[in-house]
Amino acid sequence: MFDIGFTELLVIGVVALIVIGPERLPRVARTVGHLMGRLQRYVSDVKADINREIELEELKKMRQSVEQTASGIESSLQAELGKTESELKQTAQSLTEEPAPKPESAAQPEKTA
């Protein structure tokens, strides 16, 4: 987090010992440790929340692209279905317009003596 070396920590410790005193220094160090722990947990929670939001945005983008692809496939299928339906209607209409030839043997009743 901070770029503090050993010598800087030693100077901070000596100054704290002089200012705070040897009786209260352990209690202050413990309190500072607890506060630093809370700060680290808070920072890690914020990082986790940010990562979740980023993943959520990526999932939303992926969902949108899948929906676009699906709608494209659906529209192409609808077009093909419409084209096939119109071809089938034309074929059915052409079959109903042309009269089927009647067999001649079925048209004349047979006479038996």
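Here is a friendly chat about a predicted model of one protein chain.

Reader: Hi! What should I know before I start?

Author: This is a predicted model, with local features needing pLDDT of at least 70, side-chain atom pairs counting only at pLDDT 80 or more, and totals for chains, interfaces and linings using all residues. Residues are numbered from 1 along each chain as its sequence is written, and side-chain values use heavy atoms, with hydrogens and water left out.

Reader: How many helices and strands does the protein chain have?

Author: Three helices and zero strands, in the order α-α-α. Helices (H or I, at least four residues) and strands (E, at least two) are DSSP runs, numbered from the N terminus.

Reader: And where is confidence lowest and highest?

Author: Helix 3 (residues 104-107) is lowest, at a mean of 56, and helix 2 (residues 25-97) is highest, at 94. That is pLDDT, the predictor's confidence in each residue, from 0 to 100. Where pLDDT is low, the predicted coordinates should not be read in detail.

Reader: Which residues lie nearest the centre of the largest pocket?

Author: Leu9, Ile12, Gly13, Ala29 and Val32, out of eleven lining residues. Helix 1 (6-20) and helix 2 each give two or more, and helix 1 gives the most, with five. A pocket is an open set of points on a 1 Å grid over the protein atoms alone where a 1.4 Å probe fits, with protein on both sides within 12 Å along at least five of seven lines; lining residues have an atom within 4 Å of a point.
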